[in-house]
Structure formats: C-alpha cells, structure tokens
Amino acid sequence: MLNVAFELGSNVCSLNCPGCFTEDASNHDHKKPQPNEMSIWARFRLINAAAALGAKTINFVGAGEPTMDPNFHDLVERIVSEGMTPVIYTEGSRLDSARYVNDLKALGATVVIKVHSLVDREYQNAAVGMADRFLLGRDYFDWRNLAIQNLLAAGFADCHPTRLAFDIIAGRGNLRELTQLQRSCRARNIMPIIITPIPIGRGAIATPDSLTVEQITALTTELSRIDREEFGIEHRSIFPYGGGVPCTIRGFGVYVRIDGQVTICPGDDEIIGNVTTEPLSDIWTRVMARNEAFTGRCPPREIAADGRCHLPVHQ
C-alpha cells in the first residue's frame, strides 16, 4: 500500500457541484452530514492502519469539503505524525486566509484545488453549482482565485516536487482552455490533473458538457505533445488522463468512504469491505490479488466515456 484516498471529512460542503461523485445523483440539495459517518476516533484508527501497511500519502477527499470538518486540522496532524503526506482536495473555502494556508504549508501538506477555468467566470461558477449564488460577498471564481494567490504566496509551488496541483475537470465548456491551462501550470510548477468526471454519484449522469471518446483522446494526445515538445517532459498518454501521470489509488491503495465502506477506487461502486467491521489489513490482503492486473488505466472512466456517446443527456 502506497497511496490511498479516504473520506476523512464530514459530508458537508458550501458548494453544490452537479458532478459531485460523493453525492447521490437523486439529491439536488446541498450536501449534509450522514447519520452513519465514522467517529473521529475511527478515522484516527484508519489513518494509523494505512501507515502500518506502508502508505506514503493519504488523499483527503471529503466526503464533503475537507476544510469544513471541525476536526480537519487534527486529522491532518495525525497523518503527518504517522509519517505520511496529506494531499488535501479542496475548493478553497478556507484558503482565503493567508494564515490558514501557512499553517498547512508548515505541516508539509500538498493542496489540490478545484479549477474548471481561470478565465471564464460564468462557466467556473456553474461547474460548482454556484451560478446564481454568492458566497461571503463574492462569487466562487473570485474566492477560488484568492485561494490560489495565497497558496502561491506561501510557496506551495516553490519546492520540488511541487505541493500544489489543479484538479481540472475537462468538459466541452473549457475544452479550448485546457491546453493553455496545461502550459500555465507547467510554467508555475503546478501539477495539472486534467481528467473527466469520476463516473459515480452525480458524476454518472451524462450532461451537455460531457466529452466524447474522440474528444478525450485528442485532448490527452495534445497535452502529451505539449509536455514533450515545450517542456521536455516525456510520459505516456494513458486514456483518459491528461497532463501527467495517471491515478495510482487503483493498484496501490483503496478508497474508504465516510461510513467505512471500502472500494477499489473512487470510481468503483463495488463494496469490498468495511473498516468499521474488519481491519483494513484484511481488506488490503483481498485487494492485492486484484492489483496484479493494474495497468495505470481507469476502467470506470473508460466505460463511462464510451457509454456517454450513446446515453440520453440529463438536462
């Protein structure tokens, strides 16, 4: 076990993203706490168990917005105390505070911040379900940009390897911007993670913004060409990942939901165990056999991308 993803935070978020993979597709309201969320002590034990199995990084992905959980700081500190790197996936709701950002930097955290567009305010706000709402007197586009400024000012992109990444969901609305986003990230030492939606929860619903297989293939090929010819970075173009290396959760880790249920990865809905009823080590022993077939590809996204060429569109 090297790289895991855990829903260590409560199912609460200020946004209402239409493609949220941790929210049921039938729920159109804002995310609310679930009655069966793991206790803080169960989450601490889960972190300890991952460390004992050799994990080097824990992707802190929610279930909601990680920084909104009242125990967020304690959970990050526990990850660090166990010798692992916390990788915080966030929409930046707390990162408008320079002091808060500096605290994360001091802990050695890596931050992956949500970016759909750096130039199209309307598209970015709609992509997080905030097209008609304002937060704390400013819209999400401004809020997110301030968080990025604070992260850069704190030096998250000054080290090697970088501790700042953009989580970029590719769609028809930002397709023309993605090559420039790639160049901008490389020039500023930011890791670009350019990918299609995780096809589970709300993300399983095809929308007018969904890309076709042909569009995704052309995009990943072009991003690899830009890396090779303009930045001297050689890597394989593994469908449907653009911008760099593929995800390694499927193959070198597991995904644990806030209620303790375990799946192979965030995009897989087959429950293979529950850490509230059996040790993580026992579940990992069963998973290892499956991992022998891991190639770096993403079967859930590949299947979804192919199917969306024929699925009815949800308006």
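Some conventions first. Because the model is predicted, local features need pLDDT of at least 70 and side-chain atom pairs count only at pLDDT 80 or more, while totals for chains, interfaces and linings use all residues. Residues are numbered from 1 along each chain as its sequence is written, and side-chain values use heavy atoms, with hydrogens and water left out.

I start with the salt bridges. By salt bridge I mean a side-chain nitrogen of Lys or Arg within 4 Å of a carboxyl oxygen of Asp or Glu. Searching the whole structure gives 11 of them.

One is between Arg121 and Asp142, where the closest N and O atoms are 3.1 Å apart. Arg121 sits in helix H4, residues 121–127, and Asp142 in helix H5, residues 140–153, so this pair ties together parts that are 21 residues apart in sequence. Arg121 is partly exposed at a relative accessible area of 36%, and Asp142 is partly exposed at 32%. For those words the cut-offs are under 20% relative accessible area for buried, over 50% for exposed, and in between for partly exposed, with a 1.4 Å probe and protein chains only.

Next is Glu230 with Arg183, with 2.8 Å between the closest N and O atoms. This pair links distant parts of the chain: Glu230 is in helix H7, residues 213–231, and Arg183 in helix H6, residues 178–187, 47 residues apart. Both ends are partly exposed, Glu230 with a relative accessible area of 39% and Arg183 with 24%.

Arg225 and Glu222 meet in a salt bridge at 2.8 Å, N to O. They both lie in helix H7, 3 residues apart, about one turn of the helix. Arg225 is partly exposed at 24%, and so is Glu222 at 28%. As for shared partners, salt bridges join Arg121, Asp139 and Asp142 into one network.

Now the cysteines. How many disulfides does a search of the whole structure find? The count is 0, with a disulfide taken as a pair of cysteine sulfur atoms within 2.5 Å. Take Cys185: the closest cysteine sulfur, in Cys159, is 15 Å from its own, too far for a bond. Cys185 is buried, with a relative accessible area of 0%. For Cys298, the closest cysteine sulfur is in Cys265 at 5.9 Å, which is also too far for a bond. Cys298 is buried as well, at 7%.

On to the second largest pocket. Its volume is about 320 Å³. A pocket, on a 1 Å grid over the protein atoms alone, is an open set of points where a 1.4 Å probe fits, with protein on both sides within 12 Å along at least five of seven lines, and lining residues have an atom within 4 Å of a point. Grid points are joined across faces, edges and corners, and the volume is the space filled by probe spheres set on the points. The lining has 17 residues, and Phe21, Thr22, Glu23, Asp24 and Arg257 lie nearest the centre. By type, the lining divides into 7 nonpolar, 5 polar and 5 charged residues.

Helix H3, residues 98–106, has Tyr100, Val101 and Leu104 buried. These three cover an arc of only 100 degrees around the axis, so they are on the same side of H3; the arc is that of the directions from the helix axis to the C-beta atoms. Arg99 and Ala106 are exposed, on the face of H3 turned away from the buried side.

Ser14 is in the loop between strand S1 (3–6) and helix H1 (40–52), and is buried at 19% relative accessibility. Ser14 and Glu65 are 51 residues apart in sequence, but 7.6 Å apart in space, C-alpha to C-alpha.

Pro161 is in the loop between H5 and strand S5 (164–169). The peptide bond from His160 to Pro161 is cis, with omega near 0 degrees.

Asn189, in the loop between H6 and strand S6 (191–195), has a positive phi of about 60 degrees although it is not a glycine. Asn189 is partly exposed, at 23% relative accessibility.

Conventions. Helices (H or I, at least four residues) and strands (E, at least two) are DSSP runs, numbered from the N terminus. Ala, Val, Leu, Ile, Met, Phe, Trp, Tyr, Cys and Pro count as nonpolar, Asp, Glu, Lys and Arg as charged, and the others, Gly among them, as polar.
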